[in-house]
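Subject: Structure handover

Hello,

Here is the structure for your files. My notes follow below it.

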Amino acid sequence: SIPAVMSSEQLSSVIEKALPHTDLSIIAYVSSVLEHCIQEKQIYTADDVYHHLHGKLMEYQIVSNDQECYEQCLCIFEALIEKKHIKDPRILKKEILQRLRPGMTVMGQYTEDKQWYLARVNEVTDSEVHVTYLDYGNEEWLDPLFINIIAELVSSSKLSVKSAASTTTNKESTGDAADADADNNGNDADAVDGKKNDGELEFEDEQAAARRGIRIGDTKIDDDVSAFINSQLYKTSRFLTDTVRGQKDLSAFGLTSKQKKKQKAEEKEKEKVARFDPLRYLKSIRQKARPEWFDVRKRKAITDVIIENYTMYTLDEKAILLEDIDIKLVKGQRYGFVGLNGSGKTTLLRRMSRYDIPKFPAHLKILHVEQEILGDATTVLEYVLSCDVVREALLQKEQKLMDEQKILEEQVASLELEEEEANKANKNGHTTTPPPVTETEKEAETATETQKEQETETEKETLNVTQLTNKINKTQTQLTELYIQMKELGCMNVEDKAKKVLLGLGFTDAMHNWPTNRLSGGWRMRVSLAGALFVEPDILLLDEPTNHLDFPSVIWLENYLQSFGGTILVVSHDREFLNNVATQVIHLHDKTLTYYKGNFSTFMDVKDRKFNQQMKDYENQQNEMAHIKSFIDKFRYNAKRAAQVQSRIKLLQNMTRVRKPAKAYEIAFDFPQEIDAWQGSVIQCRNVTFGYTANHILLNGVSCCLDLKSRVGVIGANGSGKTTLIHLMISKLAPLFGEIVRNRKTNLALFTQHHIDQLDLSLSPMDYLLTQFKEDCNKQQYASEYVRSKLGSFGLSGDVVEQRMCYLSGGQKSRVAFTALTWKSPNFIIMDEPTNHLDIETIEGLIGAIARYKGGIMVVSHDQHFLTSITKEYWSLSKKSGTIKTFQDLQSAKQFAVDG
C-alpha cells in the first residue's frame with residue numbers, strides 16, 4: 001500500500017497544508033510519526049490516522065475537541081491518498097475480495113473485542129465477507145479491510161517450526177529429522193515447507209513431513225504448529241494488540257537474524273523520532289527545586305565554583321569534548337563563552353544546569369535559558385512567576401498547611417457544637433425528668449455503668465478538642481516559619497518585579513494576560529528569558545539571548561545584566577553585546593578552556609598578541625635548531641669537533657619544543673558572482689502608507705529606493721514595521737496609499753529570520769537540495785557532485801552533507817539555507833536577522849561573502865558588528881511616527897530607533 005519511493009518532503013507538505021499556522025518543528029515530528037506508521041502498514045482508513053495522531057494533536061493543542069481532530073485526520077487521510085502515499089481503501093477492498101474464496105482460512109477482527117481470530121470464509125459479496133470464527137463458532141459479516149489472508153502473512157515472515165518427532169516415528173525417521181533440523185539451522189530455511197493453495201498450507205508429502213519430524217495426522221504436532229502460526233499471525237498483523245505488544249520476550253521468537261536486525265533498526269528509529277519530540281524535550285529541561293535551595297544558611301555559603309581536572313564526553317561516551325579542564329566561576333563576574341560550533345559549549349552548559357558534573361555545588365541555584373517555551377493556556381505573567389520553582393514549592397506548602405488548618409478548625413467547631421447540644425440535652429433532662437428509681441440491684445448496676453460510659457465519652461470528646469487545638473497551633477507556627485523563610489528567600493510580593501522585567505523586554509501591560517500559545521516564537525523566547533531574569537539565580541546561563549530581540553530590548557538587557565548580582569555565563573555571537581556585558585571571556589578550543597580578563601575586544605587583542613608572540617618564539621626556535629643541525633651536519637665526522645657535536649646533539653634532545661600556534665579557524669564561503677547586473681533602481685517606495693487597522697498605522701508616508709549598489713541596514717524596535725516593509729517590497733502585502741515600483745529584471749532572494757524552520761530536518765542537506773531543485777539537478781550529468789559543489793561554496797563538505805540536518809549545528813543548518821537562497825544566482829538579497837543561530841566564525845565568513853558580492857543587499861539585524869561591517873547607510877524606523885530616516889552612522893540610527 002506504499003509507493004516505491006515515498007518523499008518525506010511531500011509528506012511534510014501534506015501535514016503542513018492540513019494543519020496551517022502550526023509550529024514547523026511539531027509538523028516535522030507529526031510527519032515522522034505518520035511516515036513510520038505508513039511504512040509499518042498501519043494506515044488503511046481515516047480511523048487509523050485518527051488512532052495514531054489523536055493524542056499528538058490534542059497534546060499540542062492543535063485541535064480543541066475529538067470532532068475537530070477527526071475532521072483534521074480525515075483531511076490528512078484524503079491528502080495521503082491523493083499524493084499516493086497509501087492506497088485508496090476502495091481499491092484495496094477490491095483486491096482483497098478478488099483473492100478470497102469460500103472455504104479459505106483467514107484472520108478476522110471480531111467486532112465485539114477488536115481482537116484477531118482464525119475464521120473460515122463462508123460467502124463473499126461485492127462489499128462484505130461472511131465468516132465463521134473457528135474458536136467459538138460465531139458468525140458475522142466483515143468489511144474486507146478487517147480480514148488478513150494467512151498465506152500473505154506467513155510469506156512475509158519466515159517461520160521456523162521446530163518440533164520433536166512423534167514417539168511412533170522409527171529411529172531412521174528420527175535421525176533424518178535431526179539432520180533436517182541441522183540443515184534448517186545452518187541454512188535458515190523456511191519453517192513451513194509446503195504448498196500454499198488459496199490461503200491454506202499443505203505439506204508436500206508424508207515423507208517430506210517425516211524428515212522434519214512432523215507426522216501427518218498427529219494431533220499434538222498439529223496443535224503445536226497451529227499455536228505457533230497463530231502467535232506469528234498476531235505479531236505480523238497490521239492491527240497489533242496491546243497484549244502482543246507487551247510480550248517483549250516473544251517479540252523476536254521465530255525471526256531470522258536478518259529480521260531481528262531489521263527489528264532492532266526499527267526500534268532505534270522510533271527512539272530517534274521520540275527524541276526530537278519538542279514537548280518531550282521541553283519537559284525534560286524543565287527545572288525542579290532542589291532541597292538545598294530551601295536552606296537559607298546553605299544559600300549564603302560559598303558561591304564560587306572551582307572544579308579541577310574535569311573531563312567531559314559526548315552523550316554516547318564515544319568522544320572527548322573537554323579534557324582535564326578547570327571550571328572557575330567567581331560570584332559577580334560576567335563570563336562570555338566563545339568557541340566553534342560543535343566544540344561543546346551548549347553541552348557544558350546543560351551539564352552544569354542539570355548538576356551532571358562531579359562536586360558541583362548543589363546549593364547554588366542555576367538557570368539555563370536555551371530554547372523558547374512551548375505555548376499553552378498559561379498567561380505570560382503566570383509563566384514568569386512559575387519559573388521560580390522555590391517560590392512555587394513554598395506556595396504549594398502554604399496552601400497545604402492552610403487546607404489542613406481549615407479542616408482542623410471545622411472539626412473543632414463540629415465537636416464544640418455536639419458538646420453544646422449534649423450539655424443542653426443533659427440540662428433539660430435533669431429539670432423535667434425525675435431520677436429513675438431502681439427496683440432491683442441489677443437495674444441499679446446497669447444505670448451506674450451507663451453513667452460511667454457517658455462520662456468517659458465526654459472526657460474523650462474533651463481530649464479530642466484539645467488535641468485538635470494543639471494541631472491548629474502547630475500548623476499556625478509552621479505557617480509563621482514558612483512566611484519567614486519565604487521572606488528570607490525573596491519570595492514575597494514579587495509580581496511587581498516580574499512586571500518590571502516583562503516591561504523591559506517589550507511586553508505591554510495587556511500582553512501580561514495573554515496566553516503563551518498566542519505568542520510567536522520570538523516572543524516566546526522573550527518569555528523564557530524574562531523567567532530567568534525574574535528568578536535571579538546564583539548562576540545564570542544564557543545561550544544566544546539576543547536572538548529575536550530588537551535594539552531597545554538589547555540595550556535594556558545589557559543594562560540589566562550589568563547590575564546583576566550573581567554569576568553570568570553567556571554564549572553569544574554579538575560582539576558588541578559581549579563587549580558591553582562580559583568582564584571575562586572563556587575560550588573553548590582544543591578540548592580545553594582558557595580564561596581571559598576583560599571584554600571580547602580585549603580577548604581578541606590578547607589572543608592576537610599571544611599568537612604573534614608564540615609564532616615569533618616558534619620561528620626563533622626553528623632558526624636556532626636549524627643552525628645547530630647545520631653545525632652538527634658540517635662537523636659530524638670531524639674528530640677535533642666531536643665533543644662540540646655531541647654537546648649540540650644533547651642540546652637538541654633536551655630542548656623544550658615550542659608548539660606552532662594554530663591559526664584561527666576561518667569559514668569562507670561565497671555568494672554567486674555571475675549575476676545579471678544593470679543600471680537603475682530595483683525597488684522604489686513612493687509615499688507608502690500601511691497599517692493592519694485604521695488605528696494602527698505602521699508606515700506613514702515612507703519613500704525610499706534600492707538599487708544593485710545598495711548596502712542598507714534596517715533597524716528599529718519590534719513592531720515598528722521592519723518585516724512589514726519587506727513584505728511590501730516583495731508584494732506579499734499591498735500599501736493602503738502610495739505605490740511600490742519593482743523592476744521586472746530583478747532576481748530577488750529573501751532570507752527570513754526563521755530560515756531553519758523552513759528546512760526539513762529529517763533529510764540530509766544533499767537530499768533536501770535534490771528535492772528542492774529537482775529540475776536543475778536533473779539537467780546535470782552528475783547531480784550529486786553538482787549539489788556538493790554548491791554546498792562546498794558555503795563550507796559544507798565530506799560526510800556532513802549526507803547527515804540528517806537534525807544532527808547539524810545551527811551554523812551548519814544556516815549554511816544549507818544560504819545555499820538554497822543563492823541557488824538561482826540572485827542579484828539582490830534581502831535578509832531578516834541572518835545572524836540568528838550563527839557563531840562568530842560563520843558571521844565573519846558571511847561578512848566576507850557579502851563584501852565580495854556584486855549585487856545589492858538590504859539587511860534587518862540587531863548585530864551591531866555585522867551591520868557596521870557590511871552596510872553603507874542605515875534606515876531607522878520610528879515606532880511612534882511610522883517614518884523612516886536615513887543615517888550614515890549606527891549610533892545616531894540607534895538613538896532615533898529608541899526615541900523616535
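What share of the 900 residues in the protein chain is buried? Buried residues make up 44%. Buried means under 20% relative accessible area, exposed means over 50%, and partly exposed lies in between (1.4 Å probe, protein chains only).

On sources: this is a predicted model, so local features need pLDDT of at least 70, side-chain atom pairs count only at pLDDT 80 or more, and totals for chains, interfaces and linings use all residues. Residues are numbered from 1 along each chain as its sequence is written, and side-chain values use heavy atoms, with hydrogens and water left out.

The overall picture first. The protein chain has 31 helices and 24 strands. These are DSSP runs numbered from the N terminus: helices are H or I with at least four residues, strands are E with at least two. The accessible surface comes to about 49200 Å². Carbon and sulfur atoms hold 48% of that surface. Areas come from the Shrake-Rupley method with a 1.4 Å probe; for residues, only the protein chains shown count as cover. Of the contacts (heavy atoms within 4.5 Å) with a separation of 6 or more, 68% join residues 24 or more positions apart.

V305 is found in strand β8 (residues 305–313). V305 counts as buried because its relative accessibility is 1%. Leaving aside neighbours within four places in sequence, V305 is in contact with I327, K328, L329, F360, P361, L364 and I539. V305 and K328 are 23 residues apart in sequence, yet 5.5 Å apart in space, C-alpha to C-alpha.

H52 lies in helix α3 (residues 46–59). H52 is buried because its relative accessible area is 17%. Not counting residues up to four places away in sequence, H52 touches C37, Q42 and I43.

K824 sits in the loop between α28 (810–821) and β21 (828–832). K824 is partly exposed, with a relative accessible area of 49%. Beyond its neighbours within four places in sequence, K824 is in contact with N747, F773 and D776. K824 and L748 are 76 residues apart in sequence and 9.4 Å apart in space, C-alpha to C-alpha.

Last, the surface charge. E416, E418, E420 and E421 gather in a patch of negative charge on the surface. E420 is placed in helix α16 (residues 389–432). Patch residues have over 30% relative accessible area and no salt bridge, with like charges joined within 9 Å. A salt bridge is a side-chain nitrogen of Lys or Arg within 4 Å of a carboxyl oxygen of Asp or Glu.

Best wishes

Methods: Patches are made of residues with over 30% relative accessible area and no salt bridge: like charges are joined within 9 Å, nonpolar side chains (Val, Leu, Ile, Met, Phe, Trp, Tyr) within 5 Å. Lys and Arg count as positive and Asp and Glu as negative; His and the chain ends are not counted. The place of a charge is taken as NZ of Lys, CZ of Arg, CG of Asp or CD of Glu.
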